[in-house]
Amino acid sequence: MIKHRISVHSEIPHVNTPAMTAHIKRCIKGALREEGISVPCEINVMITDNAGIREINRDFRNVDRETDVLSFPMFAFVPGEFPEDVSELLDPGDTVLPLGDMALSVEKIRAQAAEFGHSEEREIGYLTVHSVLHLLGYDHVDEGDMKKQMRGREEAIMEALNIPR
């Protein structure tokens, strides 16, 4: 079994429950497994609110508005073509590949779950999977093939995780 290094932190008191942390970790591990990632990876997750994610978005992307999830990949991978040998990408003396960071807005999660008529668990799972795919090189910059590829992988992973709409 692959031992990923996943840390989940919250800027909001009493939000990051053990159940939420376990769900996020399960979704990250499931997405990595479904993408065929066979090396231990490191991902850091920050749970914040709309103000916190707006600040991150402004500071790192020059976009002054809140959003649901932000992804900060360490590497520019080709979607669906994870390299077989990642030894050059590892920090000296480490055996875990740092994939990157993600930030989730719990306020957006709650609002979108209500808007779409599904559970907060589903919304957290979807946004976590979505973010992992960004860390692995997927993107949805337009309505073309890249977006279709990413949406297809999201749906397949959510189905494998048994997280229904």
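**Figure 1. Overall dimensions of the predicted model.** The C-alpha trace, followed along its principal axes, spans about 40 × 35 × 30 Å.

**Figure 2. Order of helices and strands.** Five helices and four strands make up the secondary structure of the protein, and when the sequence is read along its length they follow one another in the pattern β-α-β-α-β-β-α-α-α. Among contacts between residues at least 6 apart in sequence, 70% join residues that are at least 24 apart.

**Figure 3. Surface and charge.** The protein exposes about 9000 Å², of which carbon and sulfur atoms supply 49%, while 44% of its 165 residues count as buried. There are 18 positive and 29 negative side chains, and the centres of these two sets lie 4 Å apart.

**Figure 4. Helix H1 and its length.** Just after H1, Gly36 takes a positive phi of about 75 degrees.

**Figure 5. The buried residues of H1 and what covers them.** The buried residues in H1 are Met20, Thr21, His23, Ile24, Cys27, Ile28, Gly30, Ala31 and Leu32. Their cover includes strands E1 (5-10), E2 (41-48) and E4 (97-105), together with helices H3 (106-116), H4 (120-135) and H5 (145-160).

Technical notes: Residues numbered from 1 in each chain as written. Predicted model: local features only at pLDDT ≥ 70, side-chain atom pairs only at ≥ 80, totals over all residues. Heavy atoms only, no water. Helix = DSSP H or I, 4+ residues; strand = E, 2+ residues; numbered from the N terminus. Buried < 20%, exposed > 50% of the residue type's maximum accessible area, 1.4 Å probe, protein only. Contact = heavy atoms within 4.5 Å. Areas by Shrake-Rupley, 256 points an atom, 1.4 Å probe, with all protein chains shown as cover. Lys, Arg positive; Asp, Glu negative; His and termini not counted. Charge placed at Lys NZ, Arg CZ, Asp CG, Glu CD.
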